[in-house]
Amino acid sequence: MRRFLITAAVAATAIVATGLTAAAADKLKIGLIYLGPVGDFGWTYQHEVGRQGLVKTLGDQVETTYLENVNEGPDAERSIEQLARAGNKLIFTTSFGYMDSTLKVAKKYPNVFFEHATGFKRAPNMSTYSGRFYEGRYIQGMIAAKMSKKGVLGYIGSFPIPEVISGMNATMLGAQTINPDIKVKIIWVNAWFDPGKEADAAKALADQGVDVLMQHTDSPAAMQIAAQRGILAFGQDSDMIKFGPKSQLTAIVDNWEPYYEQRARDVLAGKWKSEDTWGGLKSKLVVMAPYTNMPDDVKALAEKTEAAITNGSLHPFKCPVVDQSGKAVECKGGDHLDDGQILSMNFYVKGVDDKMPGK
Amino acid sequence: MELVEAIVLSVIAASTPLLLAAAGELVAERSGVLNLGVEGMMIMGAACGFAGAFLTGSTLVGAAFGGAAGAALAAIFALLTLGLAVNQVATGLALTILGVGLSGLIGAGFVGQRIVLAPHLFIPGLTDLPLIGRILFGQDVFVYLSIALVAGIWWFLYRTRGGLVLRAIGDNHASAHALGYPVLKVRLLAVLFGGACAGLAGAYLPLAYTPFFIPGMTAGRGWIALALVVFASWRPLRLAGGAYLFGAVTILQLHAQGLGLGIPSQLMSSLPYLATVVVLVLISRTRATAGSAAPASLGMVFVPDR
């Protein structure tokens, strides 16, 4: 499929070169680069849902192309450049690892607008956008601590990057409000998408006595294992309830559609600006799936916490945040850590026994 | 002790798809054909295997579909490399790309569907035995099949006339041809067998491992299977050892992380591959003939002269 799309992109480039651009000029061409397959039922799937929503609402005004299964690395740069050369005026690159590639291509094509998900490098024609997933993680931590009989959570990590680390920390901080002695077992699979390996990690955690599973990887494999083993789990990126009808407590759902639509409208109206968008529960970029498989009091607690985070009265990283060594982290955001600290988080909070890879 | 049992069960489950795919590829390579399309045949097996099981509700039908899909893709490979004498490496790589794309297309309608996992053997009395019960008598049918397959391949290669002919063709197709053996026919059968095994290995993933289909779910296992054949220096029993070793290192590193042993996870994730390199070095050091472990005609195009 990907090869086909690239071929299509090359063909489109040829057409542009022969001067047929005028006819297509009215339509805004939008390109997207996906890390996994659109059917991963997780991260990439949600971006695809966003794209489809965009096409539905803007209809004839836009024309979208996507490339799936694009590796983070040299492949990414080539693919992004293909999209730019094919005449796409707005390009979404939807994984952290595309950051430098996107920046490089953005510098080469100053008239194309780039949108990079979950990164921190920007340019006059390159914006960043992400979700405050840690807000959802905090709620999940509270639910997990309430629901775990053994007080041990299992956490499947992809790569130790700030987004994942801040999610783990938010989980622990939420959990510690319920059970100060809560423990977490962390397994890094060093992959975003490998259903077999994700399942292996989930099995290992279940075998070691974990009764609530969380994941920061892209497929529903862990949810499936939770369902098989009769333990509880949280969905990731999308609502995974059908993979674990009796296991899913809730899920953090990435809701990109409103953002994609807004940015496309901005380009159409000629008022696109380079900015950094980081939306959470409040802007509905992060949405919680229905709270299921838990008693009413836990559900009420989760809903109350969700409301508090949404209206801003509760911040998951409210100070003092204490790191593993017992030292309080500098509080740059007044009464909570500021966005920069969360976006570059590279320490575990107190209560995580694990040693961070590479530290 | 329960943890040990659980780990062994996980190791066997993780090793089985590698063993199935590698066993098939071993036979193909022993006949002198290098088919790099294992990943593509596996993912086709996964898509078609899931489709078959989902539509009929039967694991066995799913497995048959998976095997057939792998063999069908292998037939394309055979047509090109044996029939038209196209370069095997290029064709194999193309086959992987074709398989990955085509499986996504076929599987698109099945993404998000669920099936029942392949049933596990249960013999009252035996399966309940402590520690070894579930390991020996509580596996799914693929596990027993993969072991039988390796034993069967060993017997065929070293104890039958057919196996001797196949090895002779792999080592020197010109001589075998001169002696009157049907080089292309034997290779065709070997390639189809390899494809069926790869398809079956792919089908194992959605049927017995994670009971859903997702495009790209083989995630590189086909390439590992290819490496295992080299690792085993083209010998079936070593192949079984290698597959289980690889599975064991993969699973143990996950457990080590969960237990918080404090070893960097990046290092542990690379352990299976490091182990492969180490064993390869050891083999080549201890065997004076290491360089000639590969079938001598491996990857070479054969065009029969009249």
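**Helix 6 of chain B and its surroundings**

A: Helix 6 of chain B and helix 7 of chain B are roughly perpendicular to each other, because they pack at an angle of about 75 degrees. This is a predicted model, in which local features need pLDDT of at least 70, side-chain atom pairs count only at pLDDT 80 or more, and totals for chains, interfaces and linings use all residues. Residues are numbered from 1 along each chain as its sequence is written, while chains are lettered from A and ligands numbered from 1 in the order in which they are written.

Helix 6 covers residues 141-159 of chain B and helix 7 covers residues 161-171, with their axes 5 Å apart. Helices are DSSP runs (H or I, at least four residues), as are strands (E, at least two), numbered from the N terminus. Axes are lines fitted to C-alpha atoms, for helices over the stretch in contact, and angles run from 0 to 180 degrees between N-to-C directions. Angles under 35 degrees count as roughly parallel, over 145 as roughly antiparallel, 65 to 115 as roughly perpendicular and the rest as oblique.

On the side of helix 6, the contact is made by B:F156, B:L157, B:Y158 and B:R159, and on the side of helix 7 by B:G162, B:G163 and B:R167. Residues are in contact if their C-beta atoms, placed from the backbone, lie within 7 Å. By class, this contact has three nonpolar, two polar and two charged residues. Here Ala, Val, Leu, Ile, Met, Phe, Trp, Tyr, Cys and Pro count as nonpolar, Asp, Glu, Lys and Arg as charged, and the others, Gly among them, as polar.

Helix 6 contributes B:V150, B:I153, B:W154 and B:L157, and helix 11 contributes B:P236, B:L237, B:L239 and B:A240. The contact of helix 6 with helix 11 has eight nonpolar residues, no polar and no charged ones.

Elsewhere in chain B, helix 3 (residues 59-83) has 25 residues and reaches 34 Å from its first C-alpha to its last, close to the 36 Å expected at 1.5 Å a residue. The expected span is 1.5 Å times one less than the number of residues. B:A85 is found in the loop between helix 3 and helix 4 (88-107) of chain B. Although B:A85 is not a glycine, its phi is positive, at about 55 degrees. Most residues other than glycine have a negative phi.

Chain B also meets chain A: 35 residues of chain A are in contact with 35 residues of chain B. On the side of chain A, the largest share, nine residues, comes from helix 8 of chain A. That side has 15 nonpolar, nine polar and eleven charged residues.

As for confidence, chain B averages a pLDDT of 89, and 96% of its residues score at least 70. The pLDDT is the predictor's confidence in each residue, from 0 to 100. Chain A also has a mean of 89, with 92% of its residues reaching 70 or more. Over residues 1-24 of chain A, however, the pLDDT is below 50. Where pLDDT is low, the predicted coordinates should not be read in detail. The model scores ipTM 0.81 and pTM 0.83.

Note on methods. Two residues are in contact if their C-beta atoms, placed from the backbone, lie within 7 Å.
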